[in-house]
Amino acid sequence: MGALAFTPELSGAVAHAQSSVPPDYPFRLGVASGDPLPDSVVLWTRLATDPFAPAGGMRPGVVPVRWQIAPDENFRSVTAQGVELATEFDGWSVHVDAAGLEPGREYFYRFLVGPHASTVGRTKTAPAVGKPLPKLDFAWASCQKWEDGYFGAYKDLAASDLDVVFFLGDYIYEYAIKDEGARKGQPRPDAANRETMVLGDYRDRYAMYKADENLAAAHASAPWISTFDDHEVDNNWASQISQDDDDPREFLLRRADAFKAWWENTPVRGNLRPKGPDMSVYRRFSFGDLVDFSVLDTRQYRSDQAHGDGQHAQDSETADPSRTITGPEQEKWILDGFDSPSTWNFLAHQTVISDLAQGLEGDRKVGMDPWSGYEASRHRILDGARDRGVTNVASIVGDIHRTIVSELRRDYQDQVSPVVGVEIATTSIASGKDGADVDSAGAAIVAASPHVQYGNARRGYLRASLTPNEWRSEVRVLDAVSTPGAAVRTAQTVTVPSGRPEIQLS
C-alpha cells in the first residue's frame with residue numbers, strides 16, 4: 001500500500017487540508033521512521049506549528065508526545081505505545097526506538113499531542129538476519145536543493161510500496177536562498193536569506209524543506225536509512241577544513257551545530273546523537289540472508305582534497321597511500337563487512353568510487369572530491385573485496401546530480417584492471433534544475449570513461465528490486481522539476497546478475 005492512501009493531510013487538495021488545520025497543529029513537519037532492525041524501528045517527528053517561523057513557531061518548554069505503533073492503520077490493536085518529551089534543547093524533535101517488534105513485518109504509527117493526531121506513517125522491520133529473503137524493494141535518493149525545483153520524484157517514491165529508502169546526502173543546502181527560480185514567492189523563514197552558520201539557522205532550513213508535502217509523504221511511506229554529505233554542513237568540507245579554510249576551531253563549532261540539527265531532523269537512534277562536532281554515523285544493516293548495506297561517512301574522517309579540490313589529473317598526490325576518504329578505523333570496518341555470508345554486499349554512501357574522467361590522454365582530469373582523488377582508499381577497499389572472494393559488490397551513491405551506471409575497477413587508466421563490482425549513482429531530487437537526458441558534461445564523461453555504461457542528467461531517483469539472482473534498478477526521472485506535477489518515467493532499467501559484475505541495459 002502506498003503512503004498516500006493513508007496520509008490524508010498529504011493527498012488530494014493539499015492547500016485545503018493545510019488551511020483547515022488549526023493554528024496550533026504541531027505536526028506540520030510530518031512523521032518518519034528509520035534504521036529498521038528485525039525487532040525495532042525508529043519513529044520520528046518534530047513539533048512545529050509554523051515551519052516558516054523561527055523555532056517552527058514553538059514556545060520554550062516541554063511537550064509530552066504520545067506515540068503508538070500497530071499492525072493496522074486503524075490502530076485496532078496497538079503493539080506498543082508510550083510518551084516521549086519534546087524539548088526545546090532538541091528542537092522539539094522526538095526519536096522513539098520502538099522495540100519488541102516482529103521481524104519482516106509492516107507496521108503503522110502515529111503521534112498525538114493534546115487533541116491533535118499526526119499523519120499515520122507506514123514502516124517495516126528488517127527480516128531476521130540469516131533468514132532466506134526472496135526479494136527486497138528499495139530506493140535511493142540524494143541532493144534536494146529546495147530553490148532549484150519541486151520534489152515531484154518523492155510523490156512517485158511514496159507510491160512505490162518500498163521496504164526501505166536510502167538517503168545518501170545533501171538533504172538541505174546551506175547557501176542563502178534568493179527569491180527567484182522555481183519556488184519564487186513561496187514562504188520561507190527569515191533565516192533562508194543567509195547562509196546557515198548556527199544551530200537556529202540549520203533548524204529553520206530543515207523545517208522549510210520538511211514542509212514540502214511530497215517529501216513528507218515519502219518519509220511516511222517507508223523507513224529511511226540516512227547519511228549526510230557536505231551541504232548539511234558546508235560545501236566540500238573535509239574533516240576540520242571548511243570550503244573557505246576558516247579557522248578550524250570556528251568551523252568545528254559550526255559543524256557541531258550542523259550535526260545537532262541533522263540528528264534532530266533525521267529518523268536515527270538516540271545513540272547517534274552528536275558529541276559536539278563528532279558524530280558516529282557509519283553503520284550496517286542486514287536484510288535476511290540477502291544483503292548487507294554498509295552506510296558510510298566519507299566527510300568526517302577524510303584527508304583534505306588534493307590540489308585544492310576541483311578537477312585535476314591523477315598523480316602522486318591523488319595516489320598517496322597516506323591519504324584517505326574514510327579514515328583507517330572506518331576502512332577496517334568496511335573490509336570486515338566483506339566477510340558477511342549475505343548474497344549481496346552494498347556500500348551506501350555519498351559520492352562515486354568510479355573515475356568520471358573528462359578529457360582524453362594528456363588532458364584527462366577527474367574530480368578531487370570523490371574517490372578518484374583518493375586512489376589508495378579505492379585500491380584498499382576493492383582489493384579487500386577481491387581478496388575475500390566477494391562476487392556481488394555494489395555501490396549506491398548520490399552527489400553528482402546525474403545518473404551514472406559504471407563498472408567498479410581498482411584502476412581506470414589500466415584497461416586490463418578487472419571489474420569487481422557495479423556502481424549506480426542516482427541523480428538529484430531537484431539540485432541542478434530540470435537537467436536533460438544528455439548534457440555536455442555527461443557526453444564528455446562517456447567519451448573519456450569507457451567503464452561508464454549509462455548516463456542521464458534529468459532529476460529523479462533510483463528504484464530497485466534485489467533478489468538472490470539479480471539486482472534490477474529503474475532510473476526514474478522527471479522531464480521538469482521547475483513546475484509542480486510533472487510525470488515520472490523510467491528512462492532506463494539496469495540489471496546486474498548475481499555472481500557476475502555485468503551491466504545489462506533495457
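Helices (H or I, at least four residues) and strands (E, at least two) are DSSP runs, numbered from the N terminus. Keep that in mind for the labels I use. What you see above is a predicted model, in which local features need pLDDT of at least 70, side-chain atom pairs count only at pLDDT 80 or more, and totals for chains, interfaces and linings use all residues. Residues are numbered from 1 along each chain as its sequence is written, and side-chain values use heavy atoms, with hydrogens and water left out.

Let's start with strand E10, residues 164-167. Buried means under 20% relative accessible area, exposed means over 50%, and partly exposed is in between, with a 1.4 Å probe and protein chains only.

Now its partners. Two strands pair if DSSP finds at least two bridges between them. Strand E9, residues 136-141, runs parallel to E10, joined by four bridges. Ala139 stands opposite Val165 there. E10 also pairs with strand E11, residues 224-226, again in the parallel sense, over three bridges. In that pairing, Phe167 has Ser226 as its bridge partner.

E9, H2 and E10 form a right-handed β-α-β unit. Right-handed means this: with the strands pointing away from the viewer, the path from the first strand over the helix to the second runs clockwise.

Next, the loops of that unit. Between E9 and H2 lies Phe151. It counts as buried because its relative accessible area is 0%. Contact means heavy atoms within 4.5 Å. Leaving aside neighbours within four places in sequence, Phe151 has contacts that include Trp146, Arg183, Tyr209, Leu215 and Ile429.

Between H2 and E10 we find Ser160. Is Ser160 buried or exposed? Buried, because its relative accessibility is 16%. Not counting residues up to four places away in sequence, it touches Tyr461 and Arg463. Arg463 is 303 residues away along the chain, yet the two C-alpha atoms are separated by 8.5 Å.

The method uses a 1 Å grid over the protein atoms alone. A cavity is a set of points where a 1.4 Å probe fits but cannot get out. A pocket is an open set with protein on both sides within 12 Å along at least five of seven lines. Lining residues have an atom within 4 Å of a point. Grid points are joined across faces, edges and corners, and a volume is the space filled by probe spheres set on the points.

There are four cavities of 30 Å³ or more. Phe167 and Ser226, our bridge partners, are among the residues that line it.

The second largest pocket holds about 470 Å³. Its lining has 23 residues, with Gln311, Gly367, Pro370, Asp399 and Ile400 nearest the centre.

Most residues other than glycine have a negative phi. His307 has a positive one, near 55 degrees. It lies in the loop between strands E13 and E14, and counts as partly exposed because its relative accessibility is 30%. Lys433 also has a positive phi, about 65 degrees. It lies in the loop between strand E19 and helix H8, and is exposed, with a relative accessible area of 52%.
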